[in-house]
Amino acid sequence: MSDDADELAQLSRELPRIDLDDASAQRIAHRARVAVGRRRSLTRFGEPALIILFEVSVLMWVLVKVVQVLR
Amino acid sequence: MRSAAVDPDERAWCDGLRRGETTAFDAVFAAYRRRLYGYLVRMTRRRDVAEDLLQETFMRLAEHAKQLAADTRLSAWLFTIAHRLVVSWARAQAVRAQLAGDLPRRDVPNSDRSPLEALCDSQAQLALERGFAALPEAYREVALLVGIEGLQPAEVAEILGIRADAVRQRLARARAQLAGLLGEHAPAAWRTA
């Protein structure tokens, strides 16, 4: 490693260790574990698409209202 | 994310994941959860977001388990996914901020400690945590991946999709900026340089 990398590595050892609480870690592990080897489910595709659709609709509505007020 | 020099543990985990074994997944989760979470917290500066992105990272691992190559370097693979998720999250944040009419940021500097800073039990540690947080994102990311995670500049280049030279350059700049930010808490060698 370069001097910069060595020095940063040495300095970084002083940083506090960050970890998840056990309950959150178990929840995350459980959710992902059941998906091992499975294809991405339709819900995982559909959920973000629905959220985006909702956000875009709200933004469009806001824009229309702003334009109406400005006229 | 493939290489001839793969850690034997990682190779065994990869084989297990390709066979759909949940024990292999558990081993990978136990080995990388803290490292990935620390990286995500320090990149997003939010524990709730870091938790979501950690979950998404492991969901992607689970869903791609059967497509992993036998010689996949899991650390590089996982950090690549985490990096991409951070980039997407930061982009979404920027768009939201712009749509909100460039309102002033809520996180104006104040004397209170953030939850991350609350973990620090000395002034030097606090200065270091704040120093890392104050680095520009591109420099912070390289400093975290090389400094804390101990990844090689070539691996970091692969994760970030940039050249190894660019990684070394960012590393040198991160070190120089950190020296200035740390002031009296900087290592003695940095202060005399």
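Buried denotes a relative accessible area under 20%, exposed over 50%, and partly exposed the range in between, with a 1.4 Å probe and protein chains only. B:Q55 has a relative accessible area of 17% and is therefore buried.

The model is predicted, so that local features need pLDDT of at least 70 and side-chain atom pairs count only at pLDDT 80 or more, while totals for chains, interfaces and linings use all residues. Residues are numbered from 1 along each chain as its sequence is written, chains are lettered from A and ligands numbered from 1 in the order in which they are written, and side-chain values use heavy atoms, with hydrogens and water left out.

**Confidence**

The predictor's confidence in each residue, pLDDT, runs from 0 to 100. Chain B averages 85 on this scale, and 83% of its residues score at least 70. For the complex, the predictor gives an ipTM of 0.74 and a pTM of 0.77. Where pLDDT is low, the predicted coordinates should not be read in detail.

**Interface**

Contact means heavy atoms within 4.5 Å. Buried area is the accessible area (1.4 Å probe) that two parts lose on being put together, summed over both. A salt bridge is a side-chain nitrogen of Lys or Arg within 4 Å of a carboxyl oxygen of Asp or Glu.

| Item | Value |
|---|---|
| Residues of chain A in the contact | 34 residues |
| Residues of chain B in the contact | 45 residues |
| Area buried between chain A and chain B | about 3700 Å² |
| Salt bridges between chain A and chain B | five salt bridges |

Carbon and sulfur atoms account for 64% of the buried area. A:L8, A:L15 and A:I18 supply 19% of the area that chain A buries against chain B, more than any other three residues. A salt bridge joins B:R33 to A:D22, whose closest N and O atoms are 3.6 Å apart. On the side of chain A that touches chain B, α2(A) gives the most, with nine residues. Helices here are DSSP runs (H or I, at least four residues), as are strands (E, at least two), numbered from the N terminus.

B:Q55 belongs to helix α3 (residues 47-64) of chain B. Beyond its neighbours within four places in sequence, B:Q55 is in contact with A:R27, A:I28 and A:R31.

**Nonpolar core**

A nonpolar core is a set of buried Ala, Val, Leu, Ile, Met, Phe, Trp, Tyr and Cys residues joined through side-chain atoms within 4.5 Å. The largest has 67 residues, and B:F58 and B:L61 have the most contacts inside it. Helix α2 (residues 22-44) of chain B gives the most to this core, with 11 residues. Not counting residues up to four places away in sequence, B:L61 touches several residues, among them B:L17, B:F25 and B:W77.
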